[in-house]
Amino acid sequence: MSRPLYRGVSGVRTPEHNHDSWESHNKDKVDKEDLDKKGSSNHSSLPLKSPLKLLFSDNSHSKFGTNENGYSSDPLIGTARSRHKLVLHLLKCSLVFLVILALAGSFLWTVSISTTSRGQIYHGYRRLQEKLVSDLLDIGELSSAPSKMKELEFCSPELENYVPCYNISDNMGLGNSDGDQLDRQCGPELRQNCLILSPTNYKIPLRWPTGRDVIWVANVKITAQEVLSSGSLTKRMMMLDEEQISFRSASLMFDGVEDYSHQIAEMIGLRNESNFIQAGVRTILDIGCGYGSFGAHLFQSQLLTMCVADYEPSGSQVQLTLERGLPAMIASITSKQLPFPSLSFDMLHCARCGIDWDQKDGLLLIEADRLLKLDGYFVWTSPLVNARNKDNQERWKVIHDFTENLCWEMLSQQDETVVWKKTSKRNCYSSRKNGSPPPLCGRGYDVESPYYRELKNCIAGTHSSRRISIDKRATWPSRDNLNKEELAIHGLQSDEIMEDNESWRTTVQNYWSLLSPLIFSDHPKRPGEEDPPPPYNMLRNILDMNAHFGGFNSALLRAGKSVWVMNVIPISGPNYLPLIHDRGYVGVLHDWCEAFPTYPRTYDLVHADGLLSLETSQQRRCTMLDMFIEIDRILRPEGWVIIRDTIPLVESARALIARLKWDARVVEIESDSHQRLLICQKPFFKRQAN
């Protein structure tokens with residue numbers, strides 16, 4: 001491996017420098033002691049003479065040839081020399097007295113510190129000590145040659161579908177129940193310092209769009225009974241054979257997703273679902289999405305549907321949706337705020353999603369209201385809407401009345417489906433009956449960074465500068481180019497976005513020119529020969545670990561790449577996630593010292609631009625290797641990683657990546673001599689059959 005990985009450690013030469021200084025000091029000290037013995041032996045008996053020489057003697061030499069005491073050796077001085085020595089001796093004694101006095105005062109001050117203050121200082125010292133130990137371990141880890149590093153072992157078979165932070169037994173041990181045992185718990189835990197292997201019969205997913213309708217059974221954890229069991233509308237639109245699961249948009253039990261989405265469009269007042277764009281709808285949050293068939297159908301109309309569902313050990317909605325090449329993530333709306341800013345989505349959809357909206361005193365509906373943009377739509381399909389028994393009718397009335405307090409307008413109700421529209425008129429809240437819950441959140445309530453906070457019992461976003469109706473926003477794809485006033489809300493100017501867009505346009509061209517020959521030199525195009533030629537569909541699921549303004553996502557779509565991007569904004573950096581959602585994309589806040597809320601083997605490409613610089617500048621709770629192990633978990637076999645960062649950090653990353661068994665190469669960037677690209681591929685390792 002290459003030698004430059006030593007460059008990444010700042011201050012490596014510092015110990016050598018200190019050693020040289022110490023030797024020089026000792027040499028000077030010996031020379032001065034020799035002079036003392038020859039000149040004034042009575043001074044050498046002073047007990048504090050050696051420390052004081054550091055103050056008086058070391059730097060007292062003159063270019064005119066003075067001795068160690070700073071006096072001229074001219075013999076004409078004669079008898080004045082003794083007086084000068086006496087004065088100097090008195091001065092030294094005075095200084096010793098002052099030093100002793102200062103030390104005594106410092107000791108008394110330390111004793112007077114309260115127990116609480118001492119505890120704070122101690123804990124602060126411990127934090128500094130732990131940080132130093134962590135940094136030293138990193139330095140030792142990075143300064144070792146990759147060939148000498150021990151490769152990580154593979155995890156045991158039971159961890160094939162492991163998702164950290166969702167340990168059911170641990171959550172039940174904490175007293176969580178009634179479904180809360182499946183909630184995200186990302187406290188301190190033992191890290192899995194091993195690489196998760198693919199299942200025995202795992203196969204590379206079919207390329208888009210073939211992979212949207214056909215997936216390999218062995219790639220997901222699901223049973224035949226779970227495929228055939230009742231549940232959400234889209235769960236029933238599946239066919240299972242020996243090796244594959246096929247998804248169809250027609251069913252004998254329902255009119256099909258196409259007719260269902262057509263019905264929703266008519267209830268809104270549109271001709272069909274292709275007119276959602278003209279109505280200002282671009283992004284949809286599909287809660288409890290089944291297996292993503294609603295979003296798969298709408299994708300052809302340029303609608304971007306993000307599926308969120310609870311963690312499921314088997315038969316996961318999120319895992320199957322991602323396997324189909326559709327946006328999805330693990331998230332539960334029942335206990336914490338979702339990691340999206342307020343006013344993020346144009347539509348929320350819940351078709352038999354299993355959410356009891358009448359529970360928790362309306363907190364779940366308040367969270368739905370927080371996520372909806374002004375004049376956005378809430379679509380709910382449930383037997384409760386068309387209930388016949390008294391209990392369910394009472395539950396329906398509770399939901400109906402609470403939506404009125406949220407100032408939602410019910411546009412239409414047909415059979416089991418109802419559509420509401422969120423108001424854009426702020427005076428609606430003041431016109432409610434006195435005491436009608438919920439109240440409005442205060443102006444100081446931060447609604448832009450809801451990183452898994454507790455559900456809030458107040459209406460958020462009423463003071464936001466982003467209160468713009470979807471009817472007044474540009475329709476897609478023009479929405480990607482925010483106007484001057486909209487950019488000013490995010491503290492940006494038009495030329496900044498234009499420069500960012502142009503930079504990413506060139507970068508995507510470079511990425512594709514680098515990846516295309518690497519991908520297709522080893523693997524010819526897989527099934528779907530009627531599809532357009534590569535490389536338009538050589539990647540599908542992309543994770544951008546540090547999305548900035550969303551420029552990478554924008555450049556990919558402008559270049560005609562058939563991809564979707566999960567834009568991630570690290571909580572350690574500037575929060576541009578509201579900007580990303582306003583541009584018509586999807587993304588989340590995330591702490592990269594924690595596991596990402598997804599299943600293993602879900603992304604074709606993981607992209608990290610400047611992430612290492614951002615994370616290493618913070619007080620880290622994890623190492624660079626921890627992040628790479630997490631990337632390996634969520635990356636598909638034969639998937640790609642592109643790291644763009646400073647030369648020292650790229651070389652350091654390259655050294656660590658050797659432990660993950662990835663293939664890696666460093667590429668120079670012509671336009672930036674201070675940065676490098678690190679392009680890596682995860683090999684296809686799978687467990688051998690017994």
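Which residues are buried in H11? Leu363, Leu364, Leu365, Ile366, Glu367, Ala368, Asp369, Arg370 and Leu371 are buried in H11, where buried means under 20% relative accessible area, exposed means over 50%, and partly exposed lies in between (1.4 Å probe, protein chains only).

## Basis of the model

This is a predicted model, in which local features need pLDDT of at least 70, side-chain atom pairs count only at pLDDT 80 or more, and totals for chains, interfaces and linings use all residues. Residues are numbered from 1 along each chain as its sequence is written, and side-chain values use heavy atoms, with hydrogens and water left out.

## Overall composition

The secondary structure of the chain comprises 20 helices and 17 strands. Helices (H or I, at least four residues) and strands (E, at least two) are DSSP runs, numbered from the N terminus. Of the 690 residues of the chain, 52% count as buried.

Contact is taken as heavy atoms within 4.5 Å. Among contacts between residues at least 6 apart in sequence, 71% join residues at least 24 apart.

## Helix H11 and its surroundings

Helix H11 spans residues 363-371 and is mostly covered, with nine of its nine residues buried. These buried residues pack against several elements: the strands E4, E7 (345-351), E8 (372-381), E9 (408-414) and E10 (417-422), together with helix H12 (390-405).

## The surroundings of Val281

Val281 is located in the loop between helix H8 (257-268) and E4. The residue is buried, with a relative accessible area of 0%. Leaving aside residues up to four places away in sequence, Val281 touches Phe276, Leu303, Asp346, Met347 and Tyr377. The C-alpha atoms of Val281 and Phe345 are separated by 8.4 Å, although these residues stand 64 residues apart along the chain.

## Disulfides

The structure holds seven disulfides, a disulfide being a pair of cysteine sulfur atoms within 2.5 Å. One of them is formed by Cys165 and Cys186, whose sulfur atoms are 1.7 Å apart. This link is right-handed, with 70 degrees about the S-S bond. The pair links distant parts of the chain, 21 residues apart: Cys165 is in the loop between helix H4 (115-142) and helix H5 (168-173), and Cys186 is in the loop between H5 and helix H6 (210-213). Both Cys165 and Cys186 are buried. Another disulfide joins Cys289 to Cys307, with an S to S distance of 1.9 Å. The torsion about the S-S bond of Cys289 and Cys307 is about -55 degrees, so this disulfide is left-handed. Cys289 lies in the loop between strand E4 (283-287) and helix H9 (293-299), while Cys307 belongs to strand E5 (residues 304-309), so the pair ties together parts that are 18 residues apart in sequence. Cys289 counts as buried at 3% relative accessibility, and Cys307 is buried with a relative accessible area of 2%.

A disulfide also joins Cys441 to Cys458, again with its S to S distance given as 1.9 Å. The link of Cys441 and Cys458 is right-handed, with 90 degrees about the S-S bond. Both cysteines are in the loop between helix H13 (427-430) and helix H14 (484-489), 17 residues apart, and the pair links distant parts of the chain. Cys441 is buried, with a relative accessible area of 4%, and Cys458 is buried at 7%. Elsewhere, Cys93 counts as partly exposed at 38% relative accessibility, whereas Cys680 is buried at 1%.

## Packing of H19 and H20

Two packed helices are described by the angle between their axes and the distance between the axes. Helix H19 (residues 624-634) and helix H20 (residues 647-657) pack at an angle of about 60 degrees, with their axes 10 Å apart. That angle makes H19 oblique to H20. Axes are lines fitted to C-alpha atoms, for helices over the stretch in contact, and angles run from 0 to 180 degrees between N-to-C directions. Angles under 35 degrees count as roughly parallel, over 145 as roughly antiparallel, 65 to 115 as roughly perpendicular and the rest as oblique.

The crossing of H19 and H20 is right-handed; a crossing is right-handed if the near helix is turned clockwise from the far one by less than a right angle, and left-handed if anticlockwise. H19 contributes Met624, Leu625 and Phe628 to the contact, and H20 contributes Leu649, Ser652, Ala653, Leu656 and Ile657. By class, the contact of H19 with H20 has seven nonpolar, one polar and no charged residues. Here Ala, Val, Leu, Ile, Met, Phe, Trp, Tyr, Cys and Pro count as nonpolar, Asp, Glu, Lys and Arg as charged, and the others, Gly among them, as polar.
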